[in-house]
Amino acid sequence: MTTRLEHNVADTRFEIYLDDVLAGYADYAEREDPKVRDFHHTMTFPEFRGHGVAAKVVEYALQDSRTNGYRVIPTCWYVEKYIAEHAEYANLVG
């Protein structure tokens, strides 16, 4: 099974594809001054649950946010839980 992660800027979300089928996403609202991404929803489609899809897309989204100088607001419960379990992303919360 191939995995592809993408930042869909037009739809303000990070997407994960398994074998070229959209398996899930993490969407956000963005501000530029200061640079903040509010992650408000993470979705894994039912047929892809139990394969770590949400974790992979959230990790990708957080890495991209860090690389591009964004702080993060984890409004989504899953993003909040992921950050709590992965202390290396705690310094992004702001």
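How many bridges join E2 to strand E3 (residues 21-32)? In this predicted model, in which residues are numbered from 1 along each chain as its sequence is written, local features need pLDDT of at least 70, side-chain atom pairs count only at pLDDT 80 or more, and totals for chains, interfaces and linings use all residues. Side-chain values use heavy atoms, with hydrogens and water left out.

E2 and E3 run antiparallel and are joined by six bridges, where strands (E, at least two residues) and helices (H or I, at least four) are DSSP runs numbered from the N terminus, and two strands pair if DSSP finds at least two bridges between them. Arginine 13 stands opposite aspartate 27 in E3, and in the hairpin of E2 and E3, with two residues between the strands, aspartate 19 takes a positive phi near 50°. E2 also pairs with strand E1 (residues 3-8), in the antiparallel sense and over six bridges; here threonine 3 stands opposite leucine 18 in E2.

Six of the six residues of strand E2 (residues 13-18) are buried, so the strand is largely enclosed by the rest of the structure; buried denotes under 20% relative accessible area, exposed over 50% and partly exposed in between (1.4 Å probe, protein chains only). Arg13, Glu15 and Tyr17 point one way from E2, whereas Phe14, Ile16 and Leu18 point the other way.
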